[in-house]
Amino acid sequence: MLTFNLTVPLSVDFSRPEDYLIFIFHILFATGSAFLAGSVVIGIMSTRALRSQNRFIFMLNTSISDTLTGCSVFYLGLFDVQEGYPSRNGTYYILPSFLGVNVLTFVFAQFDRYLAVCHPFFYKRHIARGVVIGVCALCWIYTYSILTVQSVVPVALAAQMNAFGVIVLQVIVAIKVLMTIKLYMIARHQLSREPPSSDKESKKESLRIIIFVVICFLILWAPSFVNISVKYVTKNGVRFKNEATNLFAIMTRFNALSTPALYIWGSPALRAAVWNSVWSKIFKRRTTRVDSGHVKPKNGGERILSITQSSRES
C-alpha cells in the first residue's frame with residue numbers, strides 16, 4: 001500500500017477504479033467545503049453589520065467549525081484513519097469533534113431564535129452580543145474538555161465516557177427535533193399575525209435558515225446516529241475499513257458543505273457580504289488575467305490600420 005512519510009498509509013491502495021474516485025472525491029470535498037465555509041467566515045468577519053447581530057455570531061461559529069472540518073478531510077479522507085477505541089492512526093476524535101461543536105451550536109441557536117421571536121423584550125434586555133460569544137466559546141470548551149479527559153484516562157474508561165456521550169447526543173437530537181417543530185409552528189402562525197416590517201422579515205429569514213439547516217443536519221446525521229446506537233446496544237452495526245470509506249461519516253461531514261451553502265442561500269445580506277469580501281475579488285482577478293491576454297489597439301492604431309486597409313483596396 002502506498003504510504004506518506006513511511007508512517008501513515010493512504011486510505012486506498014488504488015487497486016480498483018473506485019479507489020481513484022474515492023480519493024478524488026475527498027480532495028474535491030475538502031477543498032470545496034473549506035472554501036465555502038471559509039468564505040462565510042470572511043464575509044461575516046469583514047462586515048460590521050453582520051457581526052453586530054447575534055444570529056450571525058452563531059453562523060460564524062458553525063462556519064469556523066465547518067472550515068476546520070473541510071481541512072480535516074485532507075487527513076481523515078486521504079489517509080488510513082480509523083477513529084474509535086482502539087483507533088488506528090486516529091486523532092483521539094479531535095478532528096471529528098468539529099462536528100460536535102456544530103451540534104451544540106445549533107441547539108443554542110434554536111433557543112436564541114425562540115427567545116428572539118417569542119420573548120423579544122427579554123431577549124433585547126438580557127441576550128447581548130457578549131452572551132452569545134460566550135455561549136459559542138462554551139461549545140468549544142465543553143467539547144474539547146471532554147476529549148482531553150478521554151485522552152488521559154485508561155482506554156476502558158474512555159470507551160465508557162464515549163458511550164455516555166452517545167446518550168447525551170440522543171438527548172440533544174431529541175431536543176433539536178422538538179425545537180425545530182416549535183420554530184416551524186412559530187414561523188407559520190405567530191409571525192403571520194405581525195404587521196409587515198423589516199424586523200418581521202428578519203425574523204422570518206432567521207427562522208427559515210435555522211429550520212432548513214437543522215433539518216438537513218438531522219437527515220445527514222440520522223444514518224450514522226442509528227448505526228452508532230446499534231453498535232453500542234447490540235455490538236453489531238455496519239463497520240467500515242476506515243474513515244474514508246465510511247459512508248455514514250461522509251454523510252455527517254457533508255454538513256460542512258451544506259450548512260454554509262444554506263446560509264448563503266437564505267440570507268441576502270450574507271450573500272452580498274461573501275460576494276464583496278471574497279468571491280468578487282477572485283472573479284475580478286481572473287477576469288483581469290483573461291482580459292490582459294487580449295490587447296486592444298488604441299484609437300491611433302485603429303486609424304492607422306483603417307488607412308492601411310483603404311490604401312490596399314484602392
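Among contacts in the protein between residues at least 6 apart in sequence, what percentage join residues at least 24 apart? The share is 74%, where a contact means heavy atoms within 4.5 Å. The model is predicted, so local features need pLDDT of at least 70, side-chain atom pairs count only at pLDDT 80 or more, and totals for chains, interfaces and linings use all residues. Residues are numbered from 1 along each chain as its sequence is written, and side-chain values use heavy atoms, with hydrogens and water left out.

The protein has 2 strands and 12 helices. Both are DSSP runs numbered from the N terminus (helices: H or I, at least four residues; strands: E, at least two). From the N terminus on, the order is β-β-α-α-α-α-α-α-α-α-α-α-α-α. Of the 314 residues, 42% count as buried. Buried means under 20% relative accessible area, exposed over 50%, and partly exposed in between (1.4 Å probe, protein chains only).

The accessible surface comes to about 17,700 Å². Carbon and sulfur atoms hold 67% of that surface. Areas come from the Shrake-Rupley method with a 1.4 Å probe; for residues, only the protein chains shown count as cover. Phe111, Phe164, Ile167, Val171 and Ile175 make a nonpolar surface patch of about 450 Å². Patch residues have over 30% relative accessible area and no salt bridge; nonpolar side chains (Val, Leu, Ile, Met, Phe, Trp, Tyr) are joined within 5 Å, like charges within 9 Å. A salt bridge is a side-chain nitrogen of Lys or Arg within 4 Å of a carboxyl oxygen of Asp or Glu. Helix 7 (residues 155-190) gives the most to the patch, with 4 residues. Phenylalanine 164 lies in helix 7 and is exposed, at 52% relative accessibility.

Aromatic pairs number 12. Rings of Phe, Tyr and Trp (its six-membered ring) pair if their centres lie within 6.5 Å; planes under 30 degrees apart count as stacked, over 60 as edge-to-face and the rest as tilted. Phenylalanine 29 and phenylalanine 254 are stacked, because their ring centres lie 6.0 Å apart and their planes at 20 degrees. Phenylalanine 29 lies in helix 1 (residues 17-45) and phenylalanine 254 in the loop between helix 9 (247-253) and helix 10 (255-266), so the pair ties together parts 225 residues apart in sequence. Phenylalanine 29 is buried at 7% relative accessibility; phenylalanine 254 is partly exposed at 33%.

Phenylalanine 217 and tryptophan 221 also form a stacked pair, with centres 5.4 Å apart and planes at 25 degrees. Both lie in helix 8 (residues 198-234), 4 residues apart, about one turn of the helix. Phenylalanine 217 is buried at 3%, and tryptophan 221 is buried at 14%.
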